[in-house]
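Good morning, and thank you for coming. I would ask you to look at the sequence and the structure together while I speak.

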Amino acid sequence: MDHNKQNKINISVRDLVEFILRSGDLDNRIGGRRDTDAMQEGSRIHRKIQKRMGSNYSAEFPLSITMPFRKDELNFEICVEGRADGVISCGGETPALIIDEIKAVYRELIFIEEPVPVHRAQAMCYAYIYSKLYQHDVIGIRLTYCNIEIENIKYFDESFTFIELEDWFLGVINEYGKWAAWQCCWIKERNESIKTLDFPFEYRPGQRNLVTDVYKTIIRDKRLFIEAPTGVGKTISTMYPAVKAMGEGKASKLFYLTAKTITRTVAKETIQHLTNKGLHIKSVTITAKEKICILDKPDCNPISCPRAKGHYDRVNEAVFELLSKEDEISRELIENYAKKYTVCPFEMCLDVTNWADSIICDYNYAFDPNVYLRRFFQGGKNEYVFLIDEAHNLVERAKEMYSAVLYKSKFLMVKRIVKARNSKLEKCLQVCNDDLLKMKRECENCSVKENITDFILHLMRLMTEFDEFLQESTLLLGREECLQLYLDIRHFLNIYEIYNEKYITYTDYDEAEEFRIKLLCMDPSENLNQCLEKGKSAIFFSATLLPIQYYKEQLGGRAQDYAVYAPSPFLNENRLLMIGNDVSTKYSRRNDGEYRKILDYIVAFTSAKIGNYMVFFPSYQMLNQVMQLAGDEASDIVVQTSNMSEIEKEQFLEAFTKEPERSRIGFCVMGGIFSEGIDLKNDRLIGAVIVGTGLPMIGNERELFRNYYDRVNGKGFDYAYLYQGMNKVLQSAGRVIRTMEDRGAILLLDQRFEQKQYQNLFPREWFPYLVVDSNSVKDETERFWNSFLIM
């Protein structure tokens with residue numbers, strides 16, 4: 001839906017009928033691959049059927065009708081548009097013309113006894129528009145269902161008079177009219193508020209230029225990569241110009257994308273700052289289904305969940321009331337309205353996004369091929385602006401999204417579950433297991449596979465049987481395991497469809513010695529670019545986007561796109577950066593003597609001033625080794641543990657109090673939950689020790705990346721290890737200085753930090769720095785803190 005023009009609402013035929021005419025239950029039991037994969041295959045099937053038709057068949061026939069509409073005192077237009085799959089001329093027969101609507105499906109056609117109501121409604125819309133434009137008193141529709149696997153076809157034909165179609169169509173339009181009227185009024189109100197909206201704070205040094213850069217990037221349909229140190233005000237500096245562009249009709253929707261809950265909170269607070277200054281905007285935050293579901297585990301069908309029964313009969317009313325009464329739409333509001341109308345809160349939230357101006361959500365909803373919001377990204381290009389926070393995280397996340405893995409043991413497990421229930425499925429599972437067994441015998445540690453075509457063909461045959469089994473089976477025990485393998489194979493096959501020279505296929509064994517095969521995405525740039533092309537502009541920003549050309553290359557940057565380095569607003573004299581030059585965390589140097597030296601550094605650094613400190617280790621193993629050596633010195637230490645609950649995380653951070661009477665030292669892990677995203681301002685954190693260079697552990701995947709990029713550009717070590725490690729270092733160090741008033745000290749413990757390849761990745765504000773040893777570190781730290789006493 002295009003709601004960007006105040007007096008005209010554009011909506012596609014498909015969106016109109018799917019929105020107004022949907023009804024019934026939410027039901028995850030119906031279908032298998034269903035619409036998702038069918039849509040991917042659909043265009044191929046469409047073209048094949050259309051080519052077989054004769055000269056009396058006009059394929060992809062564009063149709064559009066604009067209708068005046070009046071609601072209360074508001075006058076506007078609704079434009080309904082789309083492309084009919086085919087228009088068939090029947091000569092002198094009655095009807096003389098038939099609208100063809102083609103649907104590619106995985107279901108056996110014998111089970112389709114009548115057209116799906118929304119499919120029929122699409123054809124009826126096109127039939128009405130055509131008969132209105134070309135003056136037909138009688139017109140036919142045909143629903144052409146084609147099974148994707150065996151390509152057999154089933155037709156459903158029907159005829160209508162123009163009067164019948166007009167009565168039906170006007171009823172649909174009138175129902176949609178209240179939504180369109182609301183949208184017109186809202187856009188006018190929103191845009192008027194944006195016209196007078198000023199930047200809500202006093203500009204920090206360099207911030208006005210950053211705001212201008214973002215605005216120019218958006219109106220030029222470009223992408224911008226911003227390395228912006230902590231304190232620049234990245235969120236408001238990107239959100240404000242994006243909102244201004246929206247008010248001028250240069251953007252239809254803002255997607256604020258991030259990897260962590262804490263940064264979504266910052267985005268919501270930023271919108272609140274703008275609304276306090278007079279902005280009127282509908283903003284919604286998407287909460288993961290697992291978190292917002294009323295069940296312990298989501299199971300979306302009317303038997304398992306009372307909200308699923310009749311969900312579609314009630315959800316539009318729930319959404320309309322919410323939109324009419326609320327602007328900043330939080331998780332709590334979604335839950336309250338969903339409870340009132342007895343609908344699924346997650347699905348309701350997704351419906352709200354159709355009408356929201358701003359959507360705050362995880363990267364997944366824009367980029368993940370399994371999760372992305374098809375309602376926005378399935379079609380062509382739109383006026384969307386992507387604001388991508390903590391963009392350094394997207395490289396590894398994207399590689400993970402566009403990779404796929406299958407475990408041999410899962411095939412055997414499901415084979416045992418379906419044994420004696422479905423012999424065809426059991427046989428297909430056995431064939432795939434045999435393929436994996438053969439690969440396992442050829443794999444000692446890690447084996448790169450050049451050709452897995454036979455395995456892929458066997459998987460495709462398996463999926464045909466799997467799909468029928470899941471649709472028809474009443475299996476209860478083991479159904480979840482069956483469904484999970486089904487979804488894993490589906491993802492594997494989907495990734496194989498986009499497999500190219502930027503992928504590697506390999507087999508190896510995981511930590512539990514489970515044999516697996518993986519399609520590994522080595523470079524996600526093309527996949528991300530395809531997603532970004534669905535929008536108008538993208539702004540990538542992070543405090544640690546160094547080297548910026550690497551991130552630009554990996555995240556789908558183009559030659560014409562921009563990159564800027566925002567200057568730090570902080571005074572250099574408020575920060576002390578030191579490098580300990582007589583200590584190393586190399587694997588060959590890890591022993592009690594080196595751990596003792598690390599502990600001595602920590603003690604000297606933290607004893608220079610009473611306060612709160614964090615020490616970031618490269619692994620839990622080293623953290624525990626140093627902790628054991630601490631002995632009596634450990635009384636003031638709080639320790640991060642793996643898999644901490646939300647309550648445990650809060651308790652950990654609460655230990656870092658304002659104006660402490662004795663020092664508190666947090667032992668944490670680089671790259672963990674406390675190394676980015678937390679915001680301990682002022683004296684809640686005054687120092688950080690970074691133990692080591694953060695390089696990832698050597699492993700099969702890391703070495704595959706290293707070899708791949710050695711071949712591509714000769715920078716295998718940098719791409720596989722260095723950039724990821726230094727990003728962890730920069731993120732951890734960034735916990736210290738959070739506000740203009742903050743003062744803090746940072747100690748880097750590893751002599752490698754003196755090497756050029758590491759210093760090339762230091763941000764500008766890290767210069768100059770001091771080189772210290774275990775004897776001088778305390779003196780230098782005390783000198784830094786004493787300098788403020790003189791002031």
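This is a predicted model: local features need pLDDT of at least 70, side-chain atom pairs count only at pLDDT 80 or more; totals for chains, interfaces and linings use all residues.

In which sense do S8 and strand S18 pair, and over how many bridges? S8 and strand S18 (residues 537–542) pair in the parallel sense, over five bridges. Residues are numbered from 1 along each chain as its sequence is written, and side-chain values use heavy atoms, with hydrogens and water left out. Helices (H or I, at least four residues) and strands (E, at least two) are DSSP runs numbered from the N terminus, and two strands pair if DSSP finds at least two bridges between them.

Let me stay with strand S8. Within the pairing to S18, Phe225 stands opposite Phe540. S8 is also joined to strand S19 (residues 562–565) by four bridges, and these two strands run parallel. There, Glu227 has Tyr565 of S19 as its bridge partner. Is S8 enclosed or open to the outside? Five of the five residues of strand S8 (residues 223–227) are buried, so the strand is largely enclosed by the rest of the structure. Buried here means under 20% relative accessible area, exposed means over 50%, and partly exposed lies in between (1.4 Å probe, protein chains only). Both faces of S8 are covered, with Arg223, Phe225 and Glu227 buried on one side and Leu224 and Ile226 buried on the other.

I turn now to the sheets. Seven strands form an open sheet with parallel pairing, in the order S22-S23-S21-S24-S25-S20-S26. Strand S22 (637–639) and strand S26 (770–772) stand at the edges with a single partner strand each, so one side of each has no neighbour in the sheet. On average, neighbouring strands of this sheet are turned by 20 degrees against each other, direction ignored. Angles between axes run from 0 to 180 degrees between N-to-C directions, the axes being lines fitted to C-alpha atoms, for helices over the stretch in contact. Inside this sheet, strand S24 (residues 687–691) and strand S25 (residues 744–749) pair in the parallel sense over five bridges, and Val689 has Leu747 in S25 as its bridge partner. Helix H22 (residues 620–630) packs on the sheet, where it touches strand S21 (612–617), S22, strand S23 (664–669) and S24, and its direction makes about 150 degrees with that of S23. Contact means heavy atoms within 4.5 Å. Helix H25 (residues 716–733) lies across S21, S24 and S25 and runs at about 165 degrees to S24.

A further open sheet has four strands in the order S14-S17-S16-S15, with antiparallel pairing. Its edge strands, S14 (404–407) and S15 (446–449), each pair on one side only. Strand S16 (residues 503–509) and strand S17 (residues 515–521) pair in the antiparallel sense over seven bridges, and Thr505 stands opposite Leu519 in S17.

Next, the nonpolar core. A nonpolar core is a set of buried Ala, Val, Leu, Ile, Met, Phe, Trp, Tyr and Cys residues joined through side-chain atoms within 4.5 Å. Of the 185 residues in the largest such core, Tyr176, Phe367, Ile388, Leu459 and Phe466 touch the most other members. Helix H4 (residues 162–195) contributes the largest share of this core, 12 residues. Leaving aside residues up to four places away in sequence, the residues that Phe367 touches include Leu257, Ile388, Met401 and Cys531.

Finally, the aromatic rings. How many aromatic pairs does a search of the whole structure find? The search finds 51. Rings of Phe, Tyr and Trp (its six-membered ring) pair if their centres lie within 6.5 Å; planes under 30 degrees apart count as stacked, over 60 as edge-to-face and the rest as tilted. Phe455 and Phe492 form an edge-to-face pair, 6.2 Å centre to centre with 75 degrees between the planes. This pair links distant parts of the chain, 37 residues apart, with Phe455 in helix H17 (residues 453–472) and Phe492 in helix H18 (residues 479–497). Both Phe455 and Phe492 are buried. Ring pairs also link Phe19, Tyr176, Trp179, Trp182, Trp186, Phe320 and Trp355 into a cluster.
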